[in-house]
Amino acid sequence: MRRGLEIIDEGGIKYIRSPHLLKLGARHAFTTRYKHQDMGFKSGADPKTIVKSRKQLCDTIGLDFARLTAARQTHSGEAVAIESQDAGKGAADPADAIPNADGMATNVPGASLMILTADCLPALLFDPAGPVGAFHAGWRGALLGIAESTVRLMFERYGSNPKEMTAVLGPAIQPCCFEVGWDVAAKFAESSAENADAVVESRDGHFFVDLPVFVANSLRRMGLLAENIISSGLCTHCREDIFYSYRRDGRLIGSLGAIIGTRG
């Protein structure tokens with residue numbers, strides 16, 4: 001796993017992208033809380049403002065807002081394929097979002113996928129042959145195999161070769177701040193026992209989990225190459241200046257968006 005993301009300020013918004021993914025031709029972004037920009041409908045903000053922010057993001061990175069697709073995330077291990085008739089669901093109205101999915105994949109030309117987070121880990125997947133994927137990994141979803149489910153879906157549905165895929169792990173709560181109880185720490189330790197990269201650290205009797213490393217391990221087990229897994233290393237909990245954090249703020253005051261589109 002390697003680092004390598006940059007903060008971009010253009011089109012009236014501030015977002016984060018991967019130069020490597022950009023070179024491959026992937027239109028994508030991880031948003032920030034710059035100018036209180038909110039990508040989710042759950043914070044109580046005016047829905048019209050949310051839609052405006054989403055449109056602005058799509059316009060800035062060259063995606064069609066009418067083909068933006070979002071899901072009703074449930075902290076599961078479920079990934080679904082987005083077909084042509086699904087493209088655009090959840091973009092302007094959460095009521096018609098893709099139900100009960102924490103991962104999505106598509107090869108529909110011009111379609112794009114959006115994942116929402118506020119501490120959980122957003123991940124974008126790119127297959128140079130065309131398909132793209134995105135998933136939301138909280139601790140429950142990570143343990144339930146959301147990373148594996150999304151990669152498996154891309155392989156089975158579209159023939160994606162994991163060795164050719166690139167994964168970019170966006171801003172999320174990092175091991176400096178992701179404290180969990182012993183019961184959760186034990187589940188992560190058991191699930192990652194065969195990996196060289198430890199994901200649980202004990203500090204003064206408290207347990208902390210490295211969620212990005214756990215997900216990177218999961219992706220490697222599915223066949224992705226370590227050099228094709230890129231992590232932001234940015235902590236949503238620490239960086240109050242640019243990120244929302246459910247844990248830090250005690251409630252959901254805004255959502256960050258991770259978006260990736262296919263060619264076409």
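In this predicted model, cysteine 238 is partly exposed, with a relative accessibility of 46%. The sulfur of cysteine 238 has its closest cysteine sulfur in cysteine 177, 3.4 Å away, which is too far for a bond. A disulfide is a covalent bond between the sulfur atoms of two cysteines, and the structure holds 0 of them. Cysteine 235 is likewise in no disulfide, and the nearest cysteine sulfur, that of cysteine 238, lies 3.7 Å away. Cysteine 235 is buried, at a relative accessible area of 6%.

Attention now turns to the interior. In soluble globular proteins, nonpolar side chains tend to be buried together. Here the largest nonpolar core has 37 residues, and those touching the most other members are Leu125, Phe135, Leu169, Phe188, Val215 and Leu219. Several elements each supply at least two residues of this core, among them strand E9 (121-126), strand E10 (132-137), helix H4 (146-158) and helix H6 (211-221). A second, separate core holds 24 residues, including Phe30, Ala71, Val132 and Leu256.

The largest pocket contains about 750 Å³. Its lining is made up of 28 residues, with Lys42, Gln73, His75, Leu116 and His136 nearest the centre. Strand E8 (112-117), helix H3 (139-143) and helix H7 (246-249) are the elements that give two or more residues to this lining. By class, the lining comprises 14 nonpolar, 8 polar and 6 charged residues.

Notes:
Residues are numbered from 1 along each chain as its sequence is written. This is a predicted model: local features need pLDDT of at least 70, side-chain atom pairs count only at pLDDT 80 or more; totals for chains, interfaces and linings use all residues. Side-chain values use heavy atoms; hydrogens and water are left out. A disulfide is a pair of cysteine sulfur atoms within 2.5 Å. Buried means under 20% relative accessible area, exposed over 50%, partly exposed in between (1.4 Å probe, protein chains only). On a 1 Å grid over the protein atoms alone, a cavity is a set of points where a 1.4 Å probe fits but cannot get out, and a pocket is an open set with protein on both sides within 12 Å along at least five of seven lines; lining residues have an atom within 4 Å of a point. Grid points are joined across faces, edges and corners, and a volume is the space filled by probe spheres set on the points. Helices (H or I, at least four residues) and strands (E, at least two) are DSSP runs, numbered from the N terminus. Ala, Val, Leu, Ile, Met, Phe, Trp, Tyr, Cys and Pro count as nonpolar, Asp, Glu, Lys and Arg as charged, and the others, Gly among them, as polar. A nonpolar core is a set of buried Ala, Val, Leu, Ile, Met, Phe, Trp, Tyr and Cys residues joined through side-chain atoms within 4.5 Å.
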